[in-house]
Every structure is written in C-alpha cells, then in structure tokens.
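Biologist: I am new to this one. Could you show me the model and walk me through it?

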Amino acid sequence: MGQEAAAVVELGVKRGEPSLVAPAAETKAGLYYLSNLDQNIAVIVQTVYCFAGGAADAAGDALRESLSRVLVHYYPLAGRLALSREGKLIVDCTGEGAVFVDAVADCAMADVGDITRPDPGVLGELVYSVPGAKNVLEMPLLAAQVTKFKCGGFVLGLAINHCMFDGVGAMQFVNSWGETARGVSLSVPPALDRAVLRARDPPQVAFPHHEFAQIDDGDGRAPAQDGAEPLLHRSFRFTPASVARVKALAAAGGSVGGGGRACTTFEALAGFVWSARTAALGMGPGRQSKLLFAVDGRPRFTPPLPAGYFGNAIVLTSAACAAGELSLPRAVRLVRGAAEAVTDAYMRSAVDYFEATRARPSLASTLLITAWSRLPFRAADFGWGPPAAYGPAALPEREVALFLSCAEEGGGVRVLLGLPARAMAEFERLVEEVIAS
C-alpha cells in the first residue's frame, strides 16, 4: 500500500483550433430518448490514455478518421443535449459531430508524472473543455484531444457526458473506436434503444429510496458545506496483501453479512474508505454519514439488458450511519446490505421514483464511490497496442472516490480521492495505521 503525490508540472500544451468530426455516413435525425437512469448524472467525465512510441505524427489523422466511422454506429454522440417538453434531458441528433482538437506539448510524456493521480491542473491540459460553457447544454457530448509529446508518444484525452453511458458503456465505445481504427468489425455493436428502461405508467415506487435523502445535523438543518475549501488529491495503492489485511480487520468485528461468506474486495475497501474518510473529516459522533455507490444493473435486470446496451445501467444504492458508530466492520456490513438490496424490483422502483419525484441524490455529508476497477481500459487499442497508462483527468465531484485496478502493478486496487488538507493528513494516518497494525 502506498500514498502518492505528484510534483508541480508544466506541460506547455498548445491547442489547435477545435474542429467537428461528423459521422462518415448519413445517420438518423430527430430526438433520442434518455432514460431516467441517465438524467441525474449529466456531468463531464474526463479520462486520459497514454501511448508510448513514435506514433504521435500519425495519431491525430488516424483517430479523427476512425472516430468519424465509429460515430455512424454511435450517432447520438454526434448530436447535442437538449431539454424535452417534460423538462428531461434528451439528445437532438443533429449529426454535427464530436469536437476534436490537436495539441502539442513542450515536454516528453514521462514529464507528465503519475497519471493515476487525478490532478486537473496538469491532466486537465490534456482534455478539451469548451471555454465559457455555463452548463452541460452548451458542451458537446464527446470531445477528443490528441496531444503529441517530444518523445514521440501521445495522449488521447476524452471528455464525455456521463448521461450518454456509464463506465461499461464508455469502454465498449472506446473499444469499438479502437476496432474501427484497426479495420476490425465491431465485436459488440451498440444496442441503442433505451426504451427498455422506461418508467412504468403509472409509476410504482415499491421501496424507500434513501439515496435521495438529505442528511441533516439532527436538528433538521442541512450540514454546512465546505465547497469553498480547496482539496488535495491523493492516490492510495492497496496491494493484495493490504486488501487481505483490511478484510481481516473487517471480519474481526464479527460477521459481515448473511451466508457466512467472506467480504469482497469492494465491500472491504468501500467500508474502509467510508469509515476512515468520515473520521478524517471530524464529523460529530451523532452526525449521519452517508455512502452512495453505483451497482451495475446489466446482469440484475430481468430479463438482462441486451449486450452492448448504450446508456447508463447503473443504479445508486446507499447506506447511512452515525459517524460515532461507523466502525470498519459495521461499514462493511452496511455496504454489503446496500449492494444486495439492488434487485430488478428495486431498480425498476428507482426508475419510477425519479419519474414521480424528479429528485436528485443529495451529496451532503456523503461519500460517492465509483468503481472502475473492473473496466478494461487496456482494451483501448487503436493500432498501437494497449495504453501505457490511463486514468481520470479529474474527479467529477468533490465527494467522489474512485477505485481503479492495479493489474499492471502486481494486483490490488488504487483509491483516488480529494480532501481538505487537514482531513487528508488524518486520512493518510488512518490508512497507514490500519495497514501497519
């Protein structure tokens, strides 16, 4: 297990003029439906893929041309976000195209440093953001930037609106783009019809949906927000031995769930990060701390969603506990219970709940965990082999912690998160303490 920080880096990136890459053939026009699971996550997710070697000179043209061809299959990405008459997000399939930018960096790719640490001040130079855009309606659904480095390597930076797809869907798109660049037929063509996740009429809300609940300080008031306090971002690697230690500490507190099975890696790390972050923030013992995390509904829907489902199939589930009672064993038990609650009936109820209420999940006193640890980032092969490194350019919200795989580093999970300086110092201490104990 290790904690890593990066030094200040100046990349000297100079961008060319943005251009639009339209689909290579005529595509369907009109309005494209977004399901209720797409509505609450219209945030821009930024990722970077680093490719070493001497391919930089050819990369821009090859990626632009293959993007044009793959957009024929993923044509809604060439449209623009709009609002329906019901006030919901919808895509106007204008076919005007994704944004594409060529850029040059005044350094070698190695100078970027630790890609696994989300540093928007550095990695943000490798991803294009529309200047002056006030909201997501003024941003493209997909923007790609290819940055060439002096060493001959290049970085592909993507900015994608999360309302278009979740992590599984995004990786299917990137893989399809890579297959197109390599001249290979799509192994998993996109299933574009999102109507399979329409709400029932009338809506049938069969469960309480605490993921939308506003946490208060016990007197009915919402807790004060620390949004103005700057965050330090850190990357923590939990090796297989570290993960085993956390699991052992969780089990030492008694059974962590039904069936007598051992806790999973996700349950152990989610419980640890939640409890340690709550303690590091110094929440009062009676104050409620909430956890949100996404569960992939693809295999849980009945019937399962079609292969290649193009859209968000993740459902948020939640747990909450008084800060003073949030031990590691209890946190792990609560994580397991929240995950096991996500059934077909629960997910259909969540879709209907939004239809009836238009509620948005509250992030007050909340940690939101996003697990990318099973996503096949190394499948992003555009003809130059898998990326040498990859990761997020920034975390989409202050409350987000991200889990990434360490498969190329001997296994384990990397946890990325941001905290105010004092809280980060305490979180680091708790991490070292639990691993060394």
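Predicted model: local features only at pLDDT ≥ 70, side-chain atom pairs only at ≥ 80, totals over all residues.

Modeller: Residues are numbered from 1 along each chain as its sequence is written, and side-chain values use heavy atoms, with hydrogens and water left out.

Biologist: At what angle do helix α6 and helix α7 pack?

Modeller: Helices here are DSSP runs (H or I, at least four residues), and strands are E runs of at least two, numbered from the N terminus. Axes are lines fitted to C-alpha atoms, for helices over the stretch in contact, with angles from 0 to 180 degrees between N-to-C directions. Helix α6 covers residues 265-280 and helix α7 residues 328-340, and their axes lie 8 Å apart. The angle between them is about 125 degrees.

Biologist: Which word describes how α6 and α7 lie to each other?

Modeller: Angles under 35 degrees count as roughly parallel, over 145 as roughly antiparallel, 65 to 115 as roughly perpendicular and the rest as oblique. The angle of α6 with α7 is about 125 degrees. The two helices are therefore oblique.

Biologist: How many nonpolar residues are in the contact of α6 with α7?

Modeller: Contact means heavy atoms within 4.5 Å. Residues of α6 including F266, F272 and W274 meet residues of α7 including L328, V332 and V335. Ala, Val, Leu, Ile, Met, Phe, Trp, Tyr, Cys and Pro count as nonpolar, Asp, Glu, Lys and Arg as charged, and the others, Gly among them, as polar. By class, there are two charged residues, two polar ones and, as asked, ten nonpolar.

Biologist: And how does helix α5 lie to α7, and how many nonpolar residues does their contact have?

Modeller: The axes of α5 (residues 240-251) and α7 come within 7 Å and cross at roughly 95 degrees. That makes α5 roughly perpendicular to α7. In this contact V246, L249 and A250 of α5 meet L328, P329 and V332 of α7. The contact has no polar and no charged residues, and the nonpolar ones number six.

Biologist: Which residues does L67 touch?

Modeller: A nonpolar core is a set of buried Ala, Val, Leu, Ile, Met, Phe, Trp, Tyr and Cys residues joined through side-chain atoms within 4.5 Å. In the largest such core, of 55 residues, L67 is among the six that touch the most other members, alongside Y49, L77, L156, F173 and W177. Leaving out residues up to four places away in sequence, L67 touches V21, A98, F100, L142, F173 and W177.

Biologist: Is R358 buried, partly exposed or exposed, and what about S365?

Modeller: Buried means under 20% relative accessible area, exposed over 50%, and partly exposed in between (1.4 Å probe, protein chains only). R358 has a positive phi of about 55 degrees although it is not a glycine, and phi of S365, also not a glycine, is near 55 degrees. R358, with a relative accessible area of 33%, is partly exposed. S365, at 7%, is buried.

Biologist: Where is P303, which T302 joins through a cis peptide bond?

Modeller: Omega of the bond between T302 and P303 is about -5 degrees. P303 sits in the loop between β12 (288-296) and β13 (314-322).
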